[in-house]
Amino acid sequence: MKFLELKVHPLIIEFVTAGLMWALAKAIPGYPLPHFIAVLGFLTFAIAGCVLVQMGKWRFGQHQTTHNPTRPESASALVTGGIYGITRNPMYLGMLLILVGWSIYLSSMAAFLALLIYVFYLNMFQIKPEEEALKKLFGKDYEDYCQRVRRWL
């Protein structure tokens, strides 16, 4: 399955997962939350997710390094400060929070199942290959960073 590594942009994975979540919610209806609660839950998680994504991009911009997820070998700096001192993948974590908000809006426990698929796919075909590329680029500095900061949280 190595042919999937770094091939599908994470935004596409995000939208496919959101579609799968919608399909699961329609196929296996849950108990709907009151509309106000569903919208509030979605907005809370979506805004938090967007903030994390932007914080990650901002730190990359400060270091003038790429944030292209399909070309980690083109990174010019190892970013370890700010939000990257809390999580090694704030952009992916932010995207996950947006999907959590979507599942709350859908009011479906079945939709939550797609989150497991999303995390599995990102870990296997996006994050692990990125980590291998960063180990090659930054060696011991990156390995030390991985020891200090967790992949997700």
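**Helix packing and aromatic pairs**

Analyst: A caution to begin with: this is a predicted model. Contacts between H3 and H4 involve Tyr92, Met95, Leu96, Leu99, Val100, Ser103, Ile104 and Leu106 on the H3 side, and Ala111, Phe112, Leu115, Tyr118, Val119, Leu122, Gln126, Ile127 and Glu130 on the H4 side.

User: What's the make-up of the contact of H3 with H4 by class?

Analyst: That contact has 14 nonpolar, two polar and one charged residues.

User: And at what angle do the axes of H3 and H4 cross?

Analyst: Roughly 170°, with the axes of H3 (residues 90-106) and H4 (residues 109-148) coming within 10 Å. H3 is therefore roughly antiparallel to H4, since angles over 145 degrees count that way.

User: Take Ser103 in H3. Buried or exposed?

Analyst: Ser103 is buried, because its relative accessibility is 1% and the cut-off for buried is under 20%.

User: Which residues does Ser103 touch, not counting those up to four places away in sequence?

Analyst: Met21, Ser108, Ala111, Phe112 and Leu115.

User: Met21, then. What is Met21 in contact with, leaving aside neighbours within four places in sequence?

Analyst: Met21 contacts Leu99, Trp102, Ser103, Leu106, Ala111, Ala114 and Leu115.

User: Where does Met91 lie, and what does Met91 touch beyond four places in sequence?

Analyst: Met91 is part of helix H3. Its contacts, with residues up to four places away left out, are Val53, Gly56, Lys57, Phe60, His67 and Tyr84. The relative accessible area of Met91 is 15%, so Met91 counts as buried. There is also a pairing across the sequence: Met91 and Gln54 are 37 residues apart along the chain, and their C-alpha atoms are separated by 7.5 Å.

User: Switching to the core. How many residues does the largest nonpolar core have?

Analyst: The largest nonpolar core has 36 residues, and those with the most contacts inside it are Met21, Tyr84, Tyr118, Leu122 and Trp152. Helix H1 (10-27), helix H2 (35-62), H3 and H4 each supply at least two residues of this core.

User: Which helix gives the largest share of this core?

Analyst: H4, with 13 residues. As background, nonpolar side chains in soluble globular proteins tend to be buried together.

User: Now the rings. How many aromatic pairs does a search of the whole structure find?

Analyst: Five. One of them is Trp102 with Tyr105, a stacked pair whose ring centres are 5.8 Å apart, with 10° between the planes.

User: Where do Trp102 and Tyr105 lie?

Analyst: Both are in helix H3, three residues apart, which is about one turn of the helix. Trp102 is partly exposed, because its relative accessibility is 23%. Tyr105 is also partly exposed, at a relative accessible area of 35%.

User: What about the rings of Tyr142 and Tyr145?

Analyst: Their centres are 6.1 Å apart and their planes are at 50°, so the pair is tilted. Tyr142 and Tyr145 sit three residues apart in helix H4, again about one turn of the helix.

User: Tyr142 and Tyr145: buried or exposed?

Analyst: Both Tyr142 and Tyr145 are buried, whereas Trp102 is partly exposed.

User: Last one. Which residues form one aromatic cluster with Phe42?

Analyst: Trp102 and Tyr105.

How values were computed:
Residues numbered from 1 in each chain as written. Predicted model: local features only at pLDDT ≥ 70, side-chain atom pairs only at ≥ 80, totals over all residues. Heavy atoms only, no water. Axes fitted to C-alpha atoms, helices over the stretch in contact; angles between N-to-C directions. Helix = DSSP H or I, 4+ residues; strand = E, 2+ residues; numbered from the N terminus. Parallel < 35°, antiparallel > 145°, perpendicular 65-115°, else oblique. Contact = heavy atoms within 4.5 Å. Nonpolar A, V, L, I, M, F, W, Y, C, P; charged D, E, K, R; others polar. Buried < 20%, exposed > 50% of the residue type's maximum accessible area, 1.4 Å probe, protein only. Phe/Tyr/Trp six-rings, centres within 6.5 Å; stacked < 30°, edge-to-face > 60°. Core = buried A, V, L, I, M, F, W, Y, C linked by side-chain atoms within 4.5 Å.
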